[in-house]
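Hi,

Here is the structure I promised you. My notes follow below it.

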Amino acid sequence: MNMRKLILAAFVSAALAGCTSVENAVSVATSAAVPATTAMVAANSFDAIESVATGYLQLPLCVTGGALTCRTQSASKAIVPAIRSGRAARNAIEGLLCSGSPCSPNQTIPAASYNTLAAAITSLDAVYAQYNIASVTK
Amino acid sequence: MLSTAIQTLLALIQGLLPTLGVGSSSVVAEIVSALETIVPVITANAQNFLAPVQAIIATLSGSGAVTAAQVSTLQALDAQCDAAFEAAANADGFPTPAAS
């Protein structure tokens, strides 16, 4: 049980670190288009963030005297719509990838689409920060 | 150790993204190698991270062009991540929207 708690703690701790890092990495594009590979990495990074959110939702609900590593309902209420919104942005980007067959080399996608996903990732980071999720892991 | 490994991984991604499309193949190769070093740690302790990391490695290991196979892999990963998230969300009382 203690090992499980340790893994969960590390998992959610990584969530905060992950969101912060990805937010910084997936910065707003200022050019008209971004390379498709950049969009691919961003989309995969979102999937990693979604996996982290899944791990958080699987924690036991916080109760007095309960598990040290736990989730709050208010944080869950913020995380769930943010993930679902980000998912829509991710799917929109993927709809632009590799539309030709075979894929054209040096493919790019509109920066506006990429920035929507970047904004979704930033929004998720804000949700984690707002609910101080890292503190429940310590 | 797990937290450190994943933080290292994400820091690598952070450092990598600005170089994408520039063609710094040697830098990309080094980063992919580092990512692959971390994979066993993730496999042993946090398998939810494994598939996204593998997909990132596949993307970065490519020629620079996104392939149909990569997109297909990404979409399969999406489905897995989405299904796991929705299962957790539903269990917590957040039903999946009908139109999603």
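Which residues of α4(A) are buried? They are A:Tyr114, A:Leu117, A:Ala118, A:Ala120, A:Ile121, A:Leu124, A:Asp125, A:Val127 and A:Tyr128. Keep in mind that this is a predicted model.

Confidence next. The model scores ipTM 0.73 and pTM 0.70. Chain B has an average pLDDT of 73, and 62% of its residues reach at least 70. Within chain B, helix α1 (residues 2-16) has the lowest confidence, with a mean of 59. Helix α4 (residues 68-91) of chain B has the highest, at 86.

Now chain A as a whole. It has 4 helices and 2 strands. Starting at the N terminus, the order is α-β-α-α-β-α. The chain holds 138 residues, and 50% of them are buried. Take the contacts in chain A with a separation of 6 or more: 80% of them join residues 24 or more positions apart.

Helix α4 (residues 111-130) has 20 residues, so at 1.5 Å a residue it should span 28 Å. Its end C-alpha atoms are 28 Å apart, which agrees. Helix α2 (residues 36-57) of chain A has 22 residues. From first C-alpha to last it reaches 31 Å, close to the expected 32 Å.

How many residues of α2(A) are buried? The count is 22 of the 22, so this helix is largely enclosed by the rest of the structure.

Next, α3(A) and its partner in chain B. The axes of α3(A) and α4(B) come within 12 Å and cross at roughly 165 degrees. An angle over 145 degrees counts as roughly antiparallel, so α3(A) is roughly antiparallel to α4(B). The crossing of α3(A) past α4(B) is left-handed. On the α3(A) side, the contact is made by A:Val80, A:Ile83, A:Arg87 and A:Glu94. On the α4(B) side, B:Val71, B:Leu74, B:Gln75, B:Asp82, B:Phe85 and B:Ala89 make it.

A:Arg87 sits in helix α3 (residues 73-94) of chain A. Is it buried or exposed? A:Arg87 has 21 other C-beta atoms within 10 Å. The cut-off for buried is 20 or more, so A:Arg87 is buried. A:Ser74 lies 13 residues from A:Arg87 along the chain, and their C-alpha atoms are 20 Å apart.

Best wishes

Notes:
Residues numbered from 1 in each chain as written. Chains lettered and ligands numbered in written order. Predicted model: local features only at pLDDT ≥ 70, side-chain atom pairs only at ≥ 80, totals over all residues. Expected span 1.5 Å × (residues − 1). Buried ≥ 20, exposed ≤ 12 C-beta atoms within 10 Å, placed from the backbone. Contact = placed C-beta atoms within 7 Å. pLDDT = per-residue confidence, 0-100. Axes fitted to C-alpha atoms, helices over the stretch in contact; angles between N-to-C directions. Parallel < 35°, antiparallel > 145°, perpendicular 65-115°, else oblique. Left-handed = near helix turned anticlockwise from the far one by under 90°.
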